[in-house]
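Welcome! Here is a friendly briefing to read alongside the sequence and the 3D view.

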Amino acid sequence: MNPRNTIFFIAFVILLSVVFFLELLLGSVYIPFSEVISILLNNGSKNGAWQNIIIESRLPSALAALLAGTGLSVSGLQMQTMFRNPVAGPYVLGISAGASLGVAIFILSASAFGIHEMHLLSSWSLILAAALGAILIFFINFLISYRLSDVVAILIIGLMIGGGISALIEILQSFSSNEALKKYLLWTFGSFRYVDLNQIFYLALVVVLGVVFSFFLSKPLNLLLLGDTYATSSGLNIRSAKVLIVLCTSILAGSITAFCGPIGFVGLAVPHLARALFKTADHKVLIPACAVIGASICGLCNVIASTPGSDNILPVNAITSLLGAPVVIWIILRQRKF
Amino acid sequence: MELKAENLSIGYRSDKIIFSDISFSACEGEMIALLGINGIGKSTLLRTISGLQKSAGGNILVGEKKLESLPVGERAKLISIVLTEKIFVDNISVKEFIALGRSPYTNWMGKLSDEDLKELDKVIVVMKLDKLQHKFFNQISDGEKQKVLIARALCQQTPVIILDEPTAFLDFRNKKEILELLSSVSHELKKIVILSTHDIDASLAYCSKCWLMTEERKFIEIKRSEKFRSEVMNLLFAETSNSHS
């Protein structure tokens, strides 16, 4: 990383720390600054409820936001490079839809088959359902992009797959109990608050492994920038590289979607911000850059979603989409110049 | 180092052969123009020689080694390519772009060693890209981009460089400059340079020989001589007169 980018990176790490602290400080319940510090330093608090709120609720949701932002952005970056498509991302190419399908089948069909003891369904099976759904859809996209080089065709097919999946989910919904329906609907709103401190460990494990693994894929990703033919002639085994990228991105996007619900636009917009700010195409720089930018932005969205001072909680998916959509429009307008 | 083809057939499957009975040999220091009408199979032949596409029969030998038995990593140290397709990559500097050519030699993280950096600087000087090296690839002209693509291939340090229509989309001055550079590369760096082109006159001025793919599906090699140009033209004119009759 050159000096300019090192400064950018450090600036984002500081921003991320500030945002992370804001996530702990702000929420529907007012907790004084000094108390937050005291709780974090493990000195306890005069109010046991405050301690509970910080440790059991705000800390896991702040960590979930950090992990989700990191993982989705890194996964989006890889997809944009692999598809050589600036509007690729977990959301547009139907991975979130795939994960939704997995979760919908899981939650809704459990109810349809009369299994009501939802608490028996462990977080691992939820991850698995979402990841399987995500991998299934990503492989379909992958096979299509393997045969077609036309970007527009791939996107349209991605949209159609998304449409087909919504239809399937609607059919499932019509057979489900109200309780299951509500559970699923809440899941689709997206939230960093469903994850408790025990589950955070699993999410962290998957995301950290996924991001480290992505970093190890930097060289193949850099080679893929020039397209498959140049990459092959530079000595890259395209097939195995692409399979690894598919697995890595699907597991990242799939597990995050399983835990936090669909979080739109982060995976699509953050890689563009990273490229624009760090002025590089090198994935060794872009992957850490996406990680810090994505984590900061998701943290910020988490703060906004918690609407400090009020009892309302907004759907995170709505916030990220409201912030992300303008970024995507900006990308398209900027590209028209060329 | 010698590049040889023995009774090579090209095509997408063995039952879809588009050109057969191709035999040739090329030695280091030679620059070869591949000529023929659109759709005759020039690109397919170049892709096959590059190892990007399986042959439909026959052999390609690079030195003593059979091309098709080589793993991708080994092939990348023998043959580099420059394609016609336009490349759109934002935020990559010319120097970073050229450095991608070092990937067959770098470690799994793609870190450039001192030797890689030395080769990179050497290539930048050879291709006269010193002034452009810190610019972004998407901000330079088409002619400059072509030079960068050639520099990337040179950086790969392969005895064979294959270029698919390197002079297409270029104005006269850029064409001349690119062909001059390629010619000096083939002589001075002792490389086999094979390029397909439709710029017959321009390419004949610089090539040591040319390969014709005629409409009668014959593969003909013509060596540089006093009557080089007229020979090539006769064969090409023969083609057109045949196709009109």
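A compact globule of 245 residues would have a radius of gyration near 18 Å, and chain B agrees, because its own value is 18 Å. That radius is taken over C-alpha atoms, and the globule rule is 2.2 Å times the number of residues to the power 0.38. This is a predicted model, in which local features need pLDDT of at least 70, side-chain atom pairs count only at pLDDT 80 or more, and totals for chains, interfaces and linings use all residues. Residues are numbered from 1 along each chain as its sequence is written, while chains are lettered from A and ligands numbered from 1 in the order in which they are written.

**Chain B overall**

- The C-alpha trace of chain B spans about 55 × 40 × 30 Å along its principal axes.
- Chain B contains eight helices and ten strands; helices (H or I, at least four residues) and strands (E, at least two) are DSSP runs, numbered from the N terminus.
- Buried residues make up 42% of the 245 in chain B. A residue is buried if 20 or more other C-beta atoms, placed from the backbone, lie within 10 Å of its own, exposed if 12 or fewer, and partly exposed in between.
- Of the contacts in chain B with a separation of 6 or more, 68% are between residues 24 or more positions apart. Two residues are in contact if their C-beta atoms, placed from the backbone, lie within 7 Å.

**The sheet of chain B**

- Six strands form an open sheet with mixed pairing, in the order β6-β7-β8-β3-β9-β10 of chain B; two strands pair if DSSP finds at least two bridges between them.
- β6 (79-82) and β10 of chain B are the edge strands, each with a single partner, so one side of each has no neighbour in the sheet.
- From one strand to the next, the twist averages 20 degrees. Axes are lines fitted to C-alpha atoms, for helices over the stretch in contact, and angles run from 0 to 180 degrees between N-to-C directions.
- β7(B) pairs with strand β8 (residues 192-196) of chain B in the parallel sense, over five bridges; D164(B) has S196(B) in β8(B) as its bridge partner.
- Helix α1 (residues 42-50) of chain B lies across β3 (31-35), β6, β7, β8 and β9 of chain B, at about 155 degrees to β7(B).
- Helix α5 (residues 142-155) of chain B also packs on the sheet, where it touches β6 and β7 of chain B and makes about 170 degrees with the direction of β6(B).

**A hairpin in chain B**

- Strand β9 (residues 209-213) and strand β10 (residues 219-223) of chain B run antiparallel and are joined by five bridges.
- Within this pairing, K209(B) stands opposite K223(B).
- Five residues lie between the two strands of the hairpin, where R217(B) takes a positive phi near 60 degrees.

**Chain A**

- Chain A has 14 helices and zero strands.
- For 338 residues a compact globule would have a radius of gyration near 20 Å, and chain A agrees, because its value is 20 Å.
- Its C-alpha trace spans about 65 × 55 × 35 Å along the principal axes of chain A, and 49% of the 338 residues count as buried.
- Helix α1 (residues 3-25) of chain A has 23 residues and reaches 33 Å from first C-alpha to last, close to the expected 33 Å; that expected span is 1.5 Å times one less than the number of residues.
- Among the buried residues of α1(A) are F8(A), F12(A) and L16(A), and the buried residues of this helix pack against α2 (33-40), α3 (48-83), α12 (266-278) and α13 (283-305) of chain A.

**Two residues with positive phi**

- Most residues other than glycine have a negative phi.
- F265(A), in the loop between α11 (238-260) and α12 of chain A, has a positive phi near 70 degrees. F265(A) counts as buried because it has 26 C-beta neighbours inside 10 Å.
- E165(B), in the loop between β7 (160-164) and α6 (172-188) of chain B, has a positive phi of about 45 degrees. With 19 C-beta neighbours inside 10 Å, E165(B) counts as partly exposed.

**Where the chains meet**

- The contact takes 19 residues from chain A and 21 residues from chain B.
- On the side of chain A that touches chain B, α9(A) gives the most, with four residues.
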